Amino acid sequence: MNSDEYRELFQELVRAYYRDVFEEKINQLLSDQQVNRAELSKVISVLCGVDVADSKTFSSDIKEAVENYIQNHRVVHRIRACTLECVDVEGKTICQAACPFDAIFYDDNGQQQINEELCQQCGNCVAHCKCGAVLDRKEFLPLAALLRQGEPVFAAVAPSIAGQFGENVTNNQLRTAFKSMGFKDMVEVAFFADMLTLKEASEFNQKVLTKDDFLLSSCCCPVWTGMLKGKYYDLVKYSSPSISPMIASGRVMKALNPDIKVVFIGPCIAKKVEARDPELKGAIDFVLTYRELGDIFAALDIQPEDLPEDVSPQYASRLGRMYGKVGGVSQSIYEAVKRLFPQKAELFSSRQANGAAECKALLQEILEKGVEETFIEGMGCIGGCVGGPRVLLPVEDGTRHVEQYADEALIRVRPNRRPYMEEILEGLGIYSFSDFTDPEKMQIFEREF
């Protein structure tokens, strides 16, 4: 099976689950004498988000595992041996060349393997593999079980969602689509990016005292943070300890209502791994990519472009929405520093690493020579999140839509005293901007590397 066939099978499983013929569908698929039952069973298990071995009771075991879901840390799975049909002149396959962590190697038998100690499960190998040798775990069916039970589940959408489901499809139409699936509501992760911008602007003010100081950011990118935690750990002391906007959305919402579930919708396979990180686990319950969501819409015959708008008051700022593209974080922090700490604005100079290769090169350069800029942003995908491995649009189109969506924001600046922001922050015990320098109050927005 290849990636397109995996998508078709995923849609079949979703459709069967909602029609209450799930077990029958699995038994039908496995009864085909033309298929490799062991391989197909593994594929079905991964597409259903669970770990179930093939057996005589496989279909009922899968259903039970889906409805009693336990989040498993492993996201990327090898389905079968690589065909090695795409080896280039340097002896590397497409996925091997795309791996930011050099985790793919050849064993003594000439078979391609994944070094699990080096692998950060970013999903680049899955996105680039043409033969279907690797596959990322899908989490929708366990989520569907909760949605069908009426659990309070919220969809938290990344800023890069703009335009992904149609040129003229609005977020308000997507909200209608989510509610039709059983979600309680949809929220913009850009709003929580706004909170982190206030925090990192405060950090910039505290840590950058001269033009020789600098702050590493882009907490939103797990590939960047994975590099820092791995090969470039000596640079962690220069890094912001901020969590990503995704994790912030889950932590903040659950601090205000512990009974809810939060589902992140974004372009990135690596976000599935980030949600499982032991020090971050619990903030986000499920992660769906744009491609998965598109397949779910197709399976359930949901067409967002034909739906009415479920209008919500605007609460995310223009710059919070700009987090979806490379340079958006730098621009956001600069605007906040300029407004909140104008005396520090002249010290602010930024540099962006655009894509995994540039991230590695820049971190190595900083390690060896230092850096002239005072604020460093790294994005593991070309173009930023709009270039993620599971987007539905070319990078150029995704960037255009994010910029347009940001320009449509009614909130143009990011002071903390504005509608909704002040109310939410006070719910967290943050009553003034000076609280962003209080280590105890900032724990909700921080992680330990």
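Colleague: Before we get into the details, how many cavities of 30 Å³ or more does the structure hold?

Modeller: Keep in mind that this is a predicted model. Counting those of 30 Å³ or more, the number of cavities is seven.

Colleague: What is the volume of the largest cavity, and which residues lie nearest its centre?

Modeller: There's about 250 Å³ of space in the largest cavity. Its lining is made up of 22 residues. The ones nearest the centre are Cys 220, Cys 221, Pro 267, Lys 271 and Cys 385.

Colleague: Which helices each supply at least two residues of that lining, and how many of the lining residues are charged?

Modeller: Helix H10 (222-229) and helix H11 (245-256) each supply at least two. By class, the lining of the largest cavity has 17 nonpolar residues and four polar ones, and the charged count is one.

Colleague: Now the second largest cavity: which element gives the most to its lining?

Modeller: This cavity has a volume of about 160 Å³, and 16 residues line it, with Ser 3, Arg 7, Leu 135, Lys 138 and Arg 390 nearest its centre. Two or more lining residues come from each of H1, strand E4 (134-136) and helix H13 (290-299). With four residues, the top contributor is H1.

Colleague: How many charged residues are in the lining of the second largest cavity?

Modeller: Nonpolar residues number seven there and polar ones two. The charged total is seven.

Colleague: And the largest pocket: where does the largest share of its lining come from?

Modeller: About 510 Å³ of space lies in that pocket. It has 27 lining residues, and closest to its centre are Ala 98, Asn 124, Ala 127, His 128 and Pro 389. H5, helix H6 (124-128) and helix H16 (356-369) give two or more residues each. The largest share, four residues, is from H6.

Colleague: Is Asp 20 buried or exposed?

Modeller: Asp 20 is in the loop between helix H1 (3-18) and helix H2 (22-30), and its phi is near 60°, a positive value. Its relative accessible area is 55%. Since the cut-off is over 50%, Asp 20 is exposed.

Colleague: What is phi of Asp 102?

Modeller: Most residues other than glycine have a negative phi. Asp 102, in the loop between helix H5 (94-98) and strand E2 (104-106), has a positive one, near 50°.

How values were computed
Residues numbered from 1 in each chain as written. Predicted model: local features only at pLDDT ≥ 70, side-chain atom pairs only at ≥ 80, totals over all residues. Heavy atoms only, no water. Buried < 20%, exposed > 50% of the residue type's maximum accessible area, 1.4 Å probe, protein only. 1 Å grid on protein atoms, 1.4 Å probe; cavity = no way out; pocket = protein on both sides within 12 Å on 5 of 7 lines; lining within 4 Å. Points joined across faces, edges and corners; volume = space filled by probe spheres on them. Nonpolar A, V, L, I, M, F, W, Y, C, P; charged D, E, K, R; others polar.
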